Amino acid sequence: MERFTGLKEYIQTEEFKESLGIPHREEIECRLLAQGEYNVNYLFLHPVSGKRLVLRVNTASQMHLDDQIGYEYHALRLLEDSGRTPKALYVDGSRKKLDAGILVMEFLEGHALDYRREMDFAAQCLADIHSVPVTRDAGLLIPENPLQAILDECNEMVETYYHSRLGDPGKKRRIERLLKRGQQMLERVPEYEGYRCCINTELNSGNFLINGEGRNNYLVDWEKPLYGDPVQDLGHFLAPTTTFWKTDVILDQNEMDSFVRRYKTYVADRYDVQGVEDRLKLFIPITCLRGLTWCAMAWVQYQEPGRLIRNEETFCKMEAYLKEGFLERIEAIFSA
């Protein structure tokens, strides 16, 4: 916890302890649980209940929000009835006492999703989350045109790579060509006006906590939720830029089709799933562009001096995405 000045003192304050029902005389001891690009998670034991809790420390916002951690807390509260997300217990996004946002939530058991053996659990989990009724005025960001919003984000992110002397000129041209093809696809599609819900938008295997048949399975890490088309989540979940991120798996068409059938079965009649397959044909390639341009941006940022958080495994994966072989695979999706 030394990397965050004042964090040790913050969690021992009377205000923090009282909000969690911890007597002031009790000491809180944390250990590192997991580290991402913009958040660090610590684990601690509630001295009274004995429950394990997660202290999430947010350092920056990918969504350009003033209160990133407050936004994440709000999404977790909206989804609490799904039974598929951690219960949020405390939030402080003021940054008055600490130069970071703070969230406390329950610790959930489980292992990362195995794409080859556990897709059914992921289908159940997403069906339950997407079926939670959420209104348009619930406080989530709303992209009016979800696909165009993703592509706009792609064009914004890739500027970092375009303008960096570290970027390879040939790869810059290839990425630019793919983005133009993506824009051409969208120009032939009418604006989406169907069902919307709270979507996660970041569905890699490590964000699922799987415990198996007859037990609870979860989706965690709600850093970038939106009020959007649930197929955006499905497209992100199935895209090769996602499955390859934490594993070496790239799903074939039969595996993707099987997952979609199971997902629709679990949704049942809780929302209208008509047209899911057609929208996936748009969301999967556009999602690939999002993964690719994020990697290009982050690959440059990782090499900037003074970066607060650096994950070497993540950096190696970024380099794999920018290799010619992977770029060719993405280009082939647009030609299919």
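Colleague: Which element gives the most to the lining of the largest pocket?

Modeller: That is α10, with five residues. A pocket is found on a 1 Å grid over the protein atoms alone, as an open set of points with protein on both sides within 12 Å along at least five of seven lines; a lining residue has an atom within 4 Å of a point.

Colleague: Before we go on, what kind of model is this?

Modeller: This is a predicted model, in which local features need pLDDT of at least 70 and side-chain atom pairs count only at pLDDT 80 or more, while totals for chains, interfaces and linings use all residues. Residues are numbered from 1 along each chain as its sequence is written, and side-chain values use heavy atoms, with hydrogens and water left out.

Colleague: What is the volume of the largest pocket, and which residues are the closest to its centre?

Modeller: The largest pocket holds about 1100 Å³ of space. Of its 44 lining residues, Gly36, Asn204, Asn207, Asp221 and Lys246 are the closest to the centre. A volume is the space filled by probe spheres set on the points, which are joined across faces, edges and corners.

Colleague: How does that lining divide by class?

Modeller: The lining of the largest pocket has 17 nonpolar, 17 polar and 10 charged residues. Ala, Val, Leu, Ile, Met, Phe, Trp, Tyr, Cys and Pro count as nonpolar, Asp, Glu, Lys and Arg as charged, and the others, Gly among them, as polar.

Colleague: And how many cavities of 30 Å³ or more does the search find?

Modeller: The whole structure has two of them; a cavity is a set of points where a 1.4 Å probe fits but cannot get out. The largest cavity has about 40 Å³ of space, and its lining consists of Ile150, Thr201, Gln232, His236, Thr287 and Arg290. Two or more of these lining residues come from each of α7 (230–238) and α10 (276–301).

Colleague: What lines the second largest cavity?

Modeller: Tyr10, Thr13, Glu15, Phe16, Tyr90, Asp92 and Lys97 do. Here α2 (14–19) and β4 (88–92) are the elements that give two or more residues.

Colleague: Turning to the sheet, in what order do the strands lie?

Modeller: The order is β1-β2-β3-β5-β4, in an open, antiparallel sheet of five strands.

Colleague: How many bridges join β4 to β5?

Modeller: Four bridges join β4 to β5 (residues 101–106), and Val91 stands opposite Leu103.

Colleague: A last topic: how many salt bridges are there?

Modeller: The count is 22, taking a side-chain nitrogen of Lys or Arg within 4 Å of a carboxyl oxygen of Asp or Glu. One of them joins Asp128 and Arg84, at 2.9 Å from N to O.

Colleague: Where do Asp128 and Arg84 sit?

Modeller: Asp128 is in helix α4 (residues 119–130) and Arg84 is in the loop between α3 and β4. The two residues are 44 residues apart, and the pair links distant parts of the chain.

Methods:
Two strands pair if DSSP finds at least two bridges between them.
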